[in-house]
2 protein chains.
Amino acid sequence: MTAFADRLIENVRRAGSPLCVGLDPFPDKIPALFGDARVEIEAVSRFSEAIVALAARHAGVFKPQLGLFEQFGHEGVRIAEEVTSAAQAAGLVVILDAKRGDIGTTAEGYARAMLGPTPGFNADCVTINPYMGLDTIEPFLALAERDSKGVAVLVRTSNPGARDVQDLNVEGAPIWRRVAAMLVPHTERLKGATGWSGLMIVAGATYPDEARALRQTLPNALFLVPGYGAQGASAADAVASFVTSTQGREGGVVNSSRSVTYPQAAQTAKTMDEWRAAVGAAMIQAASELHAACSV
Amino acid sequence: MTAFADRLIENVRRAGSPLCVGLDPFPDKIPALFGDARVEIEAVSRFSEAIVALAARHAGVFKPQLGLFEQFGHEGVRIAEEVTSAAQAAGLVVILDAKRGDIGTTAEGYARAMLGPTPGFNADCVTINPYMGLDTIEPFLALAERDSKGVAVLVRTSNPGARDVQDLNVEGAPIWRRVAAMLVPHTERLKGATGWSGLMIVAGATYPDEARALRQTLPNALFLVPGYGAQGASAADAVASFVTSTQGREGGVVNSSRSVTYPQAAQTAKTMDEWRAAVGAAMIQAASELHAACSV
């Protein structure tokens, strides 16, 4: 099977932008056109399917936020499984945003759950938390290596609380740099024919200088960049870690969730056609901005 | 409703030991008496119910390991929900071992999923990962404060990889001490009538000196102590952070999973009665050792 890194970068090239559409199912924000998601879980399912159909047209990568499916209990998890399959069937690469972190046999369980075949999610990639150390990451890497999957490790997040732990200074450098350095020897294991590695790192768009520094440390890691759009970072900042290739600047994906799935015009749409037009327009705008930022 | 910290400590006092029975459903280890868990998920359900019945007799606290239920997909999550309810109905306090960590609205989603009423797990407490900072913890604390629940924050885990991040030295002290210090102002929020706080910390039994240092920093936090039993720490080491009270030494719970749910004698049992006797004996032995360690 094609390496995850190659599948991802090929999808980015085909889509013409590094846009990753994030899906955060908020019961209060899902338009009434789909039903009332506060009382009827199938409204979440219908909304998610409609987002997947538009994402497949306007982007190459899709990131469901598992915590917001889990709030609906095991039925929410079932819908997240179905959405993952539907997105893959529509040609999208799926990064499951699960931020799992555990060790030993439990980490193996999570790896099977997120990346393994049915009854697992069979996602292409999963986000994980490194606080417990390399023990956490190894079982995911082993499964990813065997089954051509990816692993996205939280390194430098874009939230204010990142200062509480990630930014603490260890012998002259913040912890997030130490976490990045610890990943270096492992990037080769998930390297594809394109030269990119499927050992991704999560690095927020709101710190472009830090993203460039991380690129020095990890020259072939693909970046998963949150913080663009609703969280305020510009397209140029979001692709700060990208490097120039024959295909323009590339080096990962930039996530946008709320701005492209709940744009203002979609929230007041009276018909499904109006809703599709509004969400499609928001995705096109994000993709265009990111395309432009990758063309300079 | 009684504060979580008081419910937990009352259950420990009633049970006569701080034993927390951990349930890690390994398909290969669940005895054939319950069916073949590798092909039939209801075997997981039957095994879990049988463990809950014995745990309710021999311990006060129960910790299902969510990652090992998630490996069975959404049906595994359904069983984990049922096991949580069954354990509570049997009088156990349930700490859901989910190690979630995210921020903002996603953290709120996870908090509802783990601690909220149906369709959430409605667990009494959940384990969380602090790598993203206080942003991660606040939504769980807010829900816990409102609904008399608990939150157990990973501080000092017992795995070798703990050195990769937690042990890094920040101005003369390891990161895990900084994480502990960051929790101090919040312990009051979940304080019960017993004086104990439901803002628990996870601190491995394999580092008793560090556990005592953490107790200095967090005098009224309840400790969730992994690493006793299969992982090799003694009962005395496991309760190193406990303090003397009128009820003997107390200050948290000590988890044992494999040693008390898959003891050797249970794996070769020919009948359910033999299996119950073997598992019951293993729980009694762990409870007795911990009771003795708390009596000196």
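1. Setting aside neighbours within four places in sequence, B:V151 is in contact with B:C125, B:V126, B:I128, B:I137, B:F140, B:L141, B:A144, B:G198, B:L199 and B:M200. As this is a predicted model, these contacts should be read as features of the prediction.

2. B:V151 is also among the residues with the most contacts inside the largest nonpolar core, together with A:V126, A:V151, A:I201, B:V126 and B:I201; that core has 218 residues. In soluble globular proteins, nonpolar side chains tend to be buried together.

3. In chain A, eight strands form a closed barrel in the order 1-2-3-4-5-8-9-12, with parallel pairing, and the twist from one strand to the next averages 25°. Within chain A, strand 3 (residues 93–100) and strand 4 (residues 125–128) run parallel and are joined by three bridges, and A:R100 has A:I128 in strand 4 as its bridge partner.

4. Helix 7 of chain A lies across strand 5 (150–156) and strand 8 (197–203) of chain A, and it runs at about 155° to strand 5 of chain A.

5. The contact between the chains takes 52 residues from chain A and 52 residues from chain B. On the side of chain A that touches chain B, at least two residues each come from helix 3 (66–70), helix 4 (73–89), helix 5 (104–115), helix 6 (134–147), strand 6 (169–170) and helix 7 (175–183) of chain A. The residues on this side of chain A divide into 21 nonpolar, 19 polar and twelve charged.

Conventions:
Residues are numbered from 1 along each chain as its sequence is written. Chains are lettered from A and ligands numbered from 1 in the order in which they are written. This is a predicted model: local features need pLDDT of at least 70, side-chain atom pairs count only at pLDDT 80 or more; totals for chains, interfaces and linings use all residues. A nonpolar core is a set of buried Ala, Val, Leu, Ile, Met, Phe, Trp, Tyr and Cys residues joined through C-beta atoms within 7 Å. A residue is buried if 20 or more other C-beta atoms lie within 10 Å of its own, exposed if 12 or fewer, and partly exposed in between; C-beta atoms are placed from the backbone. Two residues are in contact if their C-beta atoms, placed from the backbone, lie within 7 Å. Helices (H or I, at least four residues) and strands (E, at least two) are DSSP runs, numbered from the N terminus. Ala, Val, Leu, Ile, Met, Phe, Trp, Tyr, Cys and Pro count as nonpolar, Asp, Glu, Lys and Arg as charged, and the others, Gly among them, as polar. Two strands pair if DSSP finds at least two bridges between them. Axes are lines fitted to C-alpha atoms, for helices over the stretch in contact, and angles run from 0 to 180 degrees between N-to-C directions.
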